[in-house]
Amino acid sequence: MLHNSFFYCNPAYWGYIIALLRSMKKYFTKELGLILAISILPIFIVYLPFILKIKHFYFLDLHESGVLQLVRNFDGPQFLVVAKSFYDKNIIVKLLFNAVDDKYYAAHFPLFPLFIRSVTPFFGWFYSGLVVNLFFGFLANLMFFHLAKKYTKSPFFLTFLFTVFPARFWIIRSIISPETMMIFFIMLSFWFWDKKQYLNSSVSGALAVLTKFQSLFLFPAYCATIIESWYKDKKIPKPIMMSVLLIPFSYILLSVLFLIKFNDFNAFFHAESHNNLYIYFPFSQFNSNNSWIGTGWLEDVVFYLVALITLTITLYYRKERVWFYFSLFYTLFLILLPHRDISRYSFQLLPIFLLTFEQFLTSKPFKYGLILSLPALYFYTLNFIMTNQAGVADWNHFLR
């Protein structure tokens, strides 16, 4: 069965993961504690007003305070539905959005919900999603720190920056969301690739795909790198090509699951088209009439696109081939995506961006600027959490 397959995949792969974590614990004990603090404290500070049930915090009206406000942020309740039902139409709760079809949940991939389901005996449905996100947020920070030591003399500061900046990522870390899991597996895939452990790299990429669809862009990035290597050396080791195929195969396997559950092999694409998410004209984000735009106040989208295009060009000149191709293909995808929330869709490139421009981002002026701007990031985070709420008619379904 697919929903158990990740527990039983190549044992050597999980052996490498355990060895990696153990090696970090052995040689970086103090660092491990600092990374844990960096991972937990900023999130706890976000949680604090909700834990204390403060209704008026400075100038913010937290009118419905309580931890429930964290749980009900998009797309948290949807992932709870998948965790409870595993796409079983007889179990799926249709109280979140009365107008949506069952296939809507095919847009929410299973790996994150399966982890939620696995810890619910200990934390219950309300809190399991938050716990899993915190855990993978820590793992993502640990992996990022391990990578950052190769690129910067300030890996701790860069890891802290990776935790709270941009503020949209700080928000994602604080609610029920699969992005931290996805980013962890993407970074792990890059790490294995750099070590020439191509099978483990592909397994990590496959697990990233089972978390979010956008991770599939690892496949063309690796293929382009292999083709470029072949062009130079006229030789491609067969194990590389065979292992890389695991990445698209994981999506095919997931589509087979959707065929069984929804009688639709392409349920994911139909779910996305039902939500008006599709590839369109370049820079179509700047159409206020689009259902996912709805405003002309889009200058932040311009900044994001400029930053990502600049990242891609920089990686080209630095000859970071895998990162370059991943950034190239994914930035092209974002340019064609008519969606307002480009900041959230660009998280796949966030670690690469921070490591590429670390010299500026760890400079004293930027450090001082970030420290002075932390209140702005914090209040943006709280305000966004209070406004990005899913309408849940009845929470009793999550208590049974």
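Predicted model: local features only at pLDDT ≥ 70, side-chain atom pairs only at ≥ 80, totals over all residues.

Tutor: Let's start with Glu228 and Arg321, which form a salt bridge whose closest N and O atoms sit 3.0 Å apart. Glu228 belongs to helix α11 (residues 218–233) and Arg321 to helix α16, so this pair ties together parts that are 93 residues apart in sequence. Glu228 has a relative accessible area of 15%, and since buried means under 20%, Glu228 counts as buried.

That pair is one of 7 salt bridges found in a search of the whole structure. Another joins the side chains of Arg168 and Asp341, at 2.5 Å from N to O. Here Arg168 lies in helix α8 (residues 167–174), while Asp341 is in the loop between α16 (321–335) and α17 (342–345), so the pair ties together parts 173 residues apart in sequence. Arg168 is buried at 5% relative accessibility, and Asp341 is buried too, at 17%. There's also a network of salt bridges that links Glu179, Lys212 and Arg344.

Next, have a look at Lys103 and Asp264, whose side chains meet in a salt bridge of 3.2 Å, N to O. This one links distant parts of the chain, 161 residues apart: Lys103 sits in the loop between α5 (76–85) and α6, and Asp264 in the loop between α13 and α14. Asp264 is buried, with a relative accessible area of 8%, whereas Lys103 is partly exposed at 27%.

Leaving aside neighbours within four places in sequence, Phe258 is in contact with Asp264, and its other contacts include Tyr87, Ala106, Phe109 and Phe268. Phe258 is among the residues with the most contacts inside the largest nonpolar core, which has 122 residues; Ile116, Phe162 and Phe326 are others in that group. Helix α6 (residues 111–148) gives the most to this core, with 19 residues. Apart from it lies another core, this one of 6 residues, among them Ile293 and Leu305.

Now for the outside. A nonpolar patch on the surface, with about 760 Å² of accessible area together, includes Leu199, Leu246, Phe249 and Phe265. Helix α13 (residues 246–262) supplies the largest share of the patch, 7 residues. Leu199 comes from helix α10 (residues 198–209) and is partly exposed, at 42% relative accessible area.

Notes
Residues numbered from 1 in each chain as written. Heavy atoms only, no water. Patch = residues over 30% accessible without salt bridge, like charges linked within 9 Å, V, L, I, M, F, W, Y side chains within 5 Å. Areas by Shrake-Rupley, 256 points an atom, 1.4 Å probe, with all protein chains shown as cover. Salt bridge = Lys/Arg side-chain N within 4 Å of Asp/Glu carboxyl O. Helix = DSSP H or I, 4+ residues; strand = E, 2+ residues; numbered from the N terminus. Buried < 20%, exposed > 50% of the residue type's maximum accessible area, 1.4 Å probe, protein only. Core = buried A, V, L, I, M, F, W, Y, C linked by side-chain atoms within 4.5 Å. Contact = heavy atoms within 4.5 Å.
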